Amino acid sequence: MNLLLACAVAALFGAGTFLMIQRDLLAVALGTTMIGNSAILFTLAAGRTRGAAPIHPLPEGEVVADPLVQALALTALVINFAVSALLLVLIWRVHRTHQTVDLEELADEEVLEETRDEREEERI
Amino acid sequence: MLPLALSLVAAAAAVLAGRRRPGAAAPMALGGLALAFAAAVARLFLAREDLELPWAGSWDLQFVLLDDGLARLYVLLASGIGFLVAVYARGYLPHHLREQRRPRRHAPAFWALLALFAAAMAGLASAGDLVLLFFFFDLTAVCSYFLIGYDRQEPRARAAALLALLVTGIAAVLLLVAAVVAQSVCGTTRIADLAADPPEGAAAHAIAGLIAVAAIAKSAQVPLHFWLPRAMVAPTPVSAYLHSAAMVAAGVFLLQRTHPLIAASPAVAQALLWVGGASLLVGGTVALTRDALKQVLAYSTIAQYGYVLVLLGAGTPLALAAAAFHVPAHALGKCALFLVAGVVTRRTGADRLSETGGLGRAMPATAVAAAVAAGTIAGLPPTVGFFKDELLFEGLSDRNGASWVVAAGAALSVAYAARLWWGVFGGRQVVAARRPAPRSMTGPVLLLAALALGLGLWPGPLAGLAADAAGSERWRVTPGYHFDLRRSNVLALLAFALGAAVIAAKRLWLPPLRRFLRALRGLSPTHGYRTGLEGLNRLSDAMHGLEVRDLRDRLAAVLVPTGLLVLLGVWAGGAGRGYELRGLGAGDVPLAVVLALAALTGLAAATSRTHQALAILLALSGFLLAVAFALLGAPDVALVSVLVGTVTTLVVLAVLRLFPREVLRAARRTGHRRRDLAVGALATATALLLSWRVLSDDDGSTVATRYVELAPTAHTDDVVTAILADFRGLDTLGEATVVLVAMLGVAMLLTRPAGGPRGRRSAGAGRPPSARSTLLTKAAAAALLPLTLVVAAAILVKSHAEPGDGFAAGTVALTGVALCVLAVGHEPVRQRWWLRAAPQIGCGGLALMICVAFAPLLQGEPFLSHAPAAGGDTAHLGRLSLHTALLFDLGIAAAVYGFGVALIDRLAAVPEAP
């Protein structure tokens, strides 16, 4: 079972990494979200005990799931959401100013801008 | 300690008073420095009283302020000269600011920094511990940085300030290194203990060498002297203070304070001798060739502190006393000369020897005072300068070679002092002294000259101070005029004659010397500094270029080393053991299936063609994970996961809506598909290794069992809720803050107009927000919203007994609003309170959490403890028990709802892309 959990974590992490190294900035943002999901699954799987929900009254004689990792996962979930939203809106701003979300085009444009700035500085 | 405290208070008062009225800063600083000087004088007549306070106990550090002779001498110098310079600046600064076209509100910073500088010097003089010494040493560097660069609109001033900071600041770090070495070898950094039991062997050389380099840089000695002449761009009072009593003096002071450590390494002492000799020859020679008044003075300072280094290198008790005499004597003359240079520039507008001349008739009092000051530097009787040279020759009586070098240096100083005075006040008048100089500027000059003359006639008091400072009880300095042919007199006479000859033959050597120095320019340390700085700039540009080129390089630069480190850790943590295979029971089958589906959906999402498919598949994978969470015994996480997944998907789709279709289509072009797949596979393998390794570990011990036991005492049946709201409430508070910051970023990005080269489309371009839903969905959404709010409230209230908590409640309400906006469009609901007040609700929630967290502090309880206390009775409302953790949960719910709805509100208000 632990290997299966590890496989799921690894698959999601790999998919997220694959998305993160695309030229497409939106894919980068969604890849971050996916890596976040993988991290949350990992956190939950790392709980020491697995079993019934940790809510009193506890079932007699049964193992109770580790509540600590659940609390951590909850915190991570909400932060993951906030960060994803921020990234997406940031990318939208990039598009507004540069009319593209392609990393290579962006880099070219940035270099162009830099040389233009330098030329202006020299003129001053 | 009192002068230190008073100077600090003066600095603070100057800032505070200057904020109200810029004119009020000067009297504050002046008054504080006057009191500090008075305290320093009064201390001379009191019994010695050291101060020792506990500082960093775990490092065995004490805050030791000494009150010995050396400290008294330098505190007197720093506060006295500081006060006079401040009086002068009172007349100088308003004019300077007018000339620079700067507003008066820039004045308080100057006063505060000057007072802080005086405080730093007073602290340095009293510090009795190497670490404390370093602290004040560095503080003087920081103050000098701001004061040298005071005319911050001038690029030259900024460059000079940076140069001074780099040279003296980097050197100061060596002092800290010396302190660390002393701590590790001798077990203490207290100077008195180190002096009593000096280190031996390599450690002695290391400590002495590090301290010596720090001091050489600070005192602007060859080859680290080049920062000082360029620092002359500073306002004149600052230059005067830097050269006489503060910055440059701090270097030789450091050597005097740590002299037992220097003496422990004969090689370093010998090196000091050489450096001092080189400095006094180089400084004296270059001073002869400079044209700008302040440049002549700067090189003169380098030469004069060269004498002190020679004396400290010689290290006999007499030499140490001579050094302690030399510093204040030189300070009087040098400070006066700088102030004279400022007065001359003020009255004539000229600041070069070639532009001035014959001013003696126009300003006789200043000319006489300048003559006394120049005589002090040159060592002519009857000024105090004569004795500094006499003691110099006596202190070096057992070293013939050094004596000859010093005599040559004395001849040079006679020559440049005469050249300076004659160039300004003698000869034909070439410039008119039209503008008046206020009395606050001429007064300090006259006072300093009178002091130099008075101590020249009656050197006893200064000699007494110097002897105390050198710390020799049985030996007294007894300067006096002896009309015989003793060695020191012969050397002095020789120096005077040689100096006169040099001046007389000026035409012969000046042009070739200038040519020679110009030829050497390529070899100078300044050149090296500039090349080094340019090289660093180029390197940084190259790094920046690399970084800007591609985000993926940056990601790789983080991910690859992290992965390698992780693998290294896994390997080092025992590669052989730990990869276990746990059995797959029949009960685990649903979980296994769901996990496999989630993983496959994730992989499918990664390779999907369009963004919409990617978003939907990502959401699907999230929902499948939520099922897995539920199967793992985590209903709270599962609930929030479903809700957050829904909202995330809505947000993703709402953002995608803002991009034109062709942009989206163009972005999905795939570049290096094979490379990306390989990287993804590698990441998968690494993550698999790591997580399998971690998930195989099982030592059973966990704090969680304790949490499970404790939850009922916190009046909560749901252990997860108890952890979030009570046991680990600080985490939750931190998380809410992160969300707040992220949402602030979102709000700013969505509302501020787009800048940039080609951005800025007119508002309203593109389609208006779509409202293409059917009547039925509209009606359903309208009915759904109150329902979701009720469900949210129920979740919140019941959260302490059943699955669900503040997060879940907030997200349920959030989902309701999102659905409603989706169904009826943004415009119809824009003015509703539950949308309009969202930011306030979010901030209110965060504020409630903070209040609940901090309130116990008022009653003396620990941070974040809830009331009623564990196990206590709670009030009940029906079946609901009331306690403050519930308030905390309410805060969480309000924060999640408020920030989330604010985000949706902003997003929905943005017009859709065509």
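**View 1. A salt bridge joins B:Asp389 to B:Lys388.** In this pair, the closest N and O atoms are 3.6 Å apart; a salt bridge here is a side-chain nitrogen of Lys or Arg within 4 Å of a carboxyl oxygen of Asp or Glu. B:Asp389 is buried at 4% relative accessibility, and B:Lys388 is buried as well, at 1%. Buried means under 20% relative accessible area, exposed over 50%, and partly exposed in between (1.4 Å probe, protein chains only). Elsewhere, salt bridges with shared partners join B:Arg43, B:Asp67 and B:Arg72 into one network.

A word on the model before you move on: it is predicted, with local features needing pLDDT of at least 70 and side-chain atom pairs counting only at pLDDT 80 or more, while totals for chains, interfaces and linings use all residues. Residues are numbered from 1 along each chain as its sequence is written, chains are lettered from A and ligands numbered from 1 in the order in which they are written, and side-chain values use heavy atoms, leaving out hydrogens and water.

**View 2. B:Asp68 and B:Arg257 form a salt bridge.** Their closest N and O atoms lie 2.8 Å apart. The pair links distant parts of the chain, 189 residues apart: B:Asp68 sits in the loop between strand S2 (62–65) and helix H3 (69–99), and B:Arg257 in helix H11 (residues 247–257) of chain B. Helices (H or I, at least four residues) and strands (E, at least two) are DSSP runs numbered from the N terminus. B:Asp68 is buried, with a relative accessible area of 16%, and B:Arg257 is buried at 7%.

**View 3. B:Asp291 pairs with B:Arg352 in a salt bridge.** Here the closest N and O atoms are 3.4 Å apart. B:Asp291 lies in the loop between helix H13 (266–289) and helix H14 (293–314), and B:Arg352 in the loop between helix H15 (317–348) and helix H16 (364–378), so the pair ties together parts of chain B that are 61 residues apart in sequence. B:Arg352 is partly exposed, at 35% relative accessibility.

**View 4. B:Ser403 lies in helix H18 (residues 400–425) of chain B.** At 1% relative accessibility, B:Ser403 is buried. Setting aside neighbours within four places in sequence, B:Ser403 is in contact (heavy atoms within 4.5 Å) with B:Phe393, B:Leu396, B:Arg487 and B:Leu491.

**View 5. Chain A has four helices and zero strands.** Along the sequence, chain A follows the pattern α-α-α-α. Of the 124 residues in chain A, 61% are buried.
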